[in-house]
Structure formats: C-alpha cells, structure tokens
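Visitor: I'd like a close look at one part of this model, please: the place where the two chains meet. Could you walk me through it and then set it in its surroundings?

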Amino acid sequence: MPKKDRMSGNEAVAYAIKQVNPDVMPAFPITPSTEIPQLVSTYIANGQMDTEFIPVESEHSSMSATIGAEAAGARSLTATSSCGLALMWEELLLAASNRMPCVLALVNRTLSGPININCDHSDSMGARDTGWIQIYAEDNQEAYDNFIQAYPIAEDKNVHLPVMICQDGFITSHAVQNIELLDDDTVKDFVGTYEPEEYLLNPGKPVSVGPYSISNYAMEAKKNQEIAMENSKEVILRVADAFERVSGRRYGLFEEYRTEDADHIMLIMGSAAGTAKQACDDLRDKGMKVGVLKLRVFRPFPAAEIAKALSGCKSVAIMDRCECYNGNGGPLSMEVCSALYKNKVLIKAVSYMYGLAGRDFTVENVYEIFNELDASVKNDTEPEQYRYIGLRSQGVPG
Amino acid sequence: MSQGLEIRWHGRGGQGAKTAALLLADVAFKTGANVQGFPEYGPERMGAPITAYNRISRDRIRVHSNIYTPDLVVVVDETLLHSVDVTAGLKEDGAIIVNTPRTATEIAGLLNGYKGRVYTVDARRISVDTLGKNFPNSPMLAAAVAVSRVMDKESFIREMRTSYEHKFSKKPEVIEGNMKALTMTFEELEPYLKQA
C-alpha cells in the first residue's frame, strides 16, 4: 500500500535510495553536498539497507569510485551538488563514454561566483554535454519518482548510459511537503535485480574498460553513444508507463499543462513550473488562454516533440535558470529555438533568464511575462529578447 | 486554488525558527492538510536574521516562491523589530505574534502602523521556567497554532508528544519540559484569543 508522508526533497531521494538499495555508494559527504549521503549512511548504520558506502576525499574520487564499482558489476550511485559536480567533470564524461549505467542524485545549486549556495541550474546545465541522461523534478514527489525510474532507464540494454536525477536546491531539497511513498516490495520489483551483461569481475568473460581507442575506432564509439542517447527517449517513456501502472502517477518527456488551446505557453523546468501552473490558472480565470510546458527530460533533448507541442500557440516564453554567457540566451532557449526552426514552427519565441543564484520566482513574475507575450502578439511587436526577470533595478520582490 | 494559510517566521540563526516551521508542517500534515515548510537560506551563522515559511492548505500546494503577503507572522526574537520590516505585506485581517515580555499594546507601536491583531508571548520566561534554558521555538510554535487555529489544542498536544518522542529519542529528559512549554503558552494566550 502506498503511504502518505511528508518529507524534504533530500529525504525523499534518500528514502528512494534506501528502497532501491544499490550495491555501492561512494560520496563526499560534506559541503557542497547535501543531506542525501548523510541520510543514506544513517540508513546503512541502522541496518536498514546494505549498500557499501565509501566516504571519499573529493567528488573527483566519488565519481571515479562510482565508475569503478559499476565497471566491476555493482549497481552504483553517488550524490552531489554545485561545485561538487564541477569537480567530477572529467569522470562524468568517462561514466557516459564507458557506458556505465550509474545514477547521480543531484541537488541543483549555483556555481561560483559570486560565492552563493542557492538554487539555479548552472551545475547540471554545465554538464549537459557530458553524455548523461538528465531528468528534472518539480517537487519532492517527482524527485522520488524519478529516482525510482533511474536504474530501469540506465540499465536498459539499448541505453547503458548514466542518469542524473535533478531537483532544485533548497526550494525542493530543503522544503518539507506532502509525498506519497511506494512500499518497499513495489520499488524492489519495479527496479529489479541488476544483471550486468559484461563486467570486470567476471572471469568467464574478460573485458577491458576505458582503454585507449585509436582514431580508426573512437569516432564509432562516439556514434554508438549518440545512438544510445537517442534510444533512451523511447525507454524513458516505456519506464514511465510501467511506473504509472504501479504508482498511478504519469510522466513523459515533458508535461503539458492547459496548453491544448493556449495562445501563449511558458516552457520551464523544475520547481518554478509549479509556480507557473498556479499563475496560469489565475490568468485562465481572467480569460487569458495560457499554458505551461514543463520539461522533465533535458537529455535526451526532445526537440521534435517540443516543436510539435508548441506548434499550435502564438508565442512561447523560454525560461532559463542558468546563464551560459554566450551573449545570446540560456541553454534551454538555444535548444528550443533550434528545435522550432528545424521543425518549421515559426512562432514568437522569447528567452527569459530567471531565478539565478536563488533569486525568488513568483506568480507575479509569471503574470508579467504572459502579459508581455500577449501584448507583443496583439501589437505585433518584438519583445526584448533575453531579459532578466526580477532584477533589482526592475524591482526585487521583498 | 486558495493559498490557504501562509505563515512567515522571523528569527535569528540558532533559535530554532526553521525547526519550528518544519514542526508546524509536521503537525499540520497529521491533520490531513497539504503542507509546505521551508527556510530561506542567507549567510548561515548564529545570530543572523533568518526567515522560514509555512503554507497550509486543503489543496495541493504548487507555488514554490517565498511568502510576501502572509496571514500570520511569528517573530522569535524581538530585537529584529528594529532591523527587519516584519509586518511587510502582512494582511490587515491577519496577525503577528512577538516573543517579548512586553504587552501587545506596547509592541503594536513598533510595527510601522500595522492595524491587524498583535499578540505577545514571553517565550524566554516560559522556556526558562519549563526547560531551564532559553529555547523559544516550542512556545512560539504553540502560539502559532493557537492564533492560526490550524488545529485544535488537544490534537496539537497529542501530535507534538509523538513528534518530540521521535525528535528527542536520544534525550528524553527534555520531552516533558517542552510539552509543559506548549500547554503553558496556550493557557497564557487563551484570554487574549477570546477577546479577538
């Protein structure tokens, strides 16, 4: 029987880890990491799970050890946040290119500077091209549900890629909210037993992991990795269907909220999507036809699917919670615009930057953006591209 | 959807305002409500002003921003009245509770002309009398429940005993003192709540 409870996002993911009970968890358990490794190590100390916990001296080592354990044939994971992810950079690429189906529980927090600990997506967005599948959550429930779906996606033989389960730092990770938990047996059955096809500790079938690859073959390895990323889209949807059967909760590559007849759509990821949905309901009550497209899966990027979902509206606000200093908008906006152009969906697309380094994002911010889109469509004007929302000079909340 | 009840806590790092907000979320959850309890993190150091928030609603809570127009404000440290605009956005039909030995009338004059209900609780005295130390968050939590009426006194006291037994499983000697702090706060506030 599912159990109603209340938990922070950190507690929710730690609980999911306990239920999945993977084989090995190397982690650097202090700042900038979160409570997740601490909570998991408490479960282990109390005998509630038997994962091998390895406290390492840095995130560079935690990801290295995760890869090593996974290569040996153990279901492995680690957890980190912010500059901890940055210190893993080199190994993130190795995990993906060596096709290690390990999992990383990420709490999204900003990268320095200025020195700041709060939420934005600069850590995972910086790692967007490392070959990891990336799945984002609106709240603690989704973070929990996404974690449970992570291994069945990663370990699928047509995928064999690492999965990053992302939740918003503090806003989700440290906020206590209601949650519905599956029972242990349901989770165990859903995730199944890990049976790696090839692994280092198998004397019957020797393999080498991570060898030098000469130019005659390395490009094929990269192409295979790219095919795996394409394959993962279908697997993510299949796992979501199976998850709906055990939980009653439906997931896809993205969620379309009141978009069916919408003139204007806000495309957004993470906790701010909840705020956007509330604002969307408020504006609908006033007669504005608006909707929200909440992107759940950023890698693989569902370009054609997003273009199709936006094809019926007049304008879209693309919301980035990460500055990538290209002088041309955030990463989400760049990829969405490219998807729209390639699929010949030539609607008004406006890039907005919000919530950097923990700047609050409110329903009033959403009203403002939808009103701006509406005016630009009605008056046939071009709104300012790449505008920062909630800057002090434009009036900071609070 | 109505936002239900929105509460903003003002305290100083180390006084337990964040813990009080999380405990309030915890007990409100047990009444079947949808809850949110979250701190706003600034510089993490003892004594720095901190803010924490609660949303309590019948409906699912989707908004993840801070709270700018609270129904209730709880001030765990009265020295904040000089440095923080604690009544900012506070609804006129809402209320504020301040931890102070002074009367509500005396405090009302320090609240930038706030016209709503003002309550005071001498949480330091209650805490020292019941626990022997100044831990103002238990009395302030009881005051928040008494004033907001998110749940009745009996269920609150019952649920808090369970919460404390869990939270203080390694130091059970502080449970009775905390329970006494809760009931004492309710008793001291009751005459004022009846007037409202």
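This is a predicted model: local features need pLDDT of at least 70, side-chain atom pairs count only at pLDDT 80 or more; totals for chains, interfaces and linings use all residues.

Guide: Happy to. On the side of chain A that touches chain B, the elements giving two or more residues are strand E1 (3-7), strand E8 (176-181) and helix H10 (272-285) of chain A. H10(A) provides the largest share of that side, with 5 residues. By residue class, the side of chain A that touches chain B divides into 9 nonpolar, 10 polar and 8 charged residues.

Now for the extent of the contact. Chain A brings 27 residues to it and chain B brings 24 residues. The size of an interface is often given as the accessible area lost when the parts come together. Here the area buried between chain A and chain B is about 2,100 Å², and carbon and sulfur atoms give 48% of it. Three residues stand out: A:Arg6, A:Asn178 and A:Gln278 supply 27% of the area that chain A buries against chain B, more than any other three residues.

Next, the charges. Side chains of opposite charge can pair when their charged atoms come close. Between chain A and chain B the count is 3 salt bridges. In a salt bridge across this contact, the side chain of A:Arg6 meets that of B:Asp26, at 2.4 Å from N to O.

E8(A) is joined by 2 bridges to strand E2 (residues 34-40) of chain B, and the two strands run antiparallel. Within that pairing, A:Gln177 has B:Gln36 in E2(B) as its bridge partner.

Stepping back to chain A as a whole, its secondary structure comes to 13 helices and 15 strands. The radius of gyration of chain A is 21 Å, close to the 21 Å that the globule rule gives for 398 residues, so chain A is as compact as a globular protein of that length. Its C-alpha trace spans about 70 × 50 × 45 Å along the principal axes.

To finish with salt bridges, the structure holds 40 of them over all chains. One of these is formed by the side chains of A:Asp129 and A:Arg299, at 3.1 Å from N to O. This pair links distant parts of the chain, 170 residues apart: A:Asp129 sits in the loop between helix H6 (122-126) and strand E6 (133-136) of chain A, while A:Arg299 belongs to strand E12 (residues 297-299) of chain A.

Definitions and conventions. Residues are numbered from 1 along each chain as its sequence is written. Chains are lettered from A and ligands numbered from 1 in the order in which they are written. Side-chain values use heavy atoms; hydrogens and water are left out. Contact means heavy atoms within 4.5 Å. Buried area is the accessible area (1.4 Å probe) that two parts lose on being put together, summed over both. A salt bridge is a side-chain nitrogen of Lys or Arg within 4 Å of a carboxyl oxygen of Asp or Glu. Helices (H or I, at least four residues) and strands (E, at least two) are DSSP runs, numbered from the N terminus. Ala, Val, Leu, Ile, Met, Phe, Trp, Tyr, Cys and Pro count as nonpolar, Asp, Glu, Lys and Arg as charged, and the others, Gly among them, as polar. Two strands pair if DSSP finds at least two bridges between them. The radius of gyration is taken over C-alpha atoms; the globule rule is 2.2 Å times the number of residues to the power 0.38.
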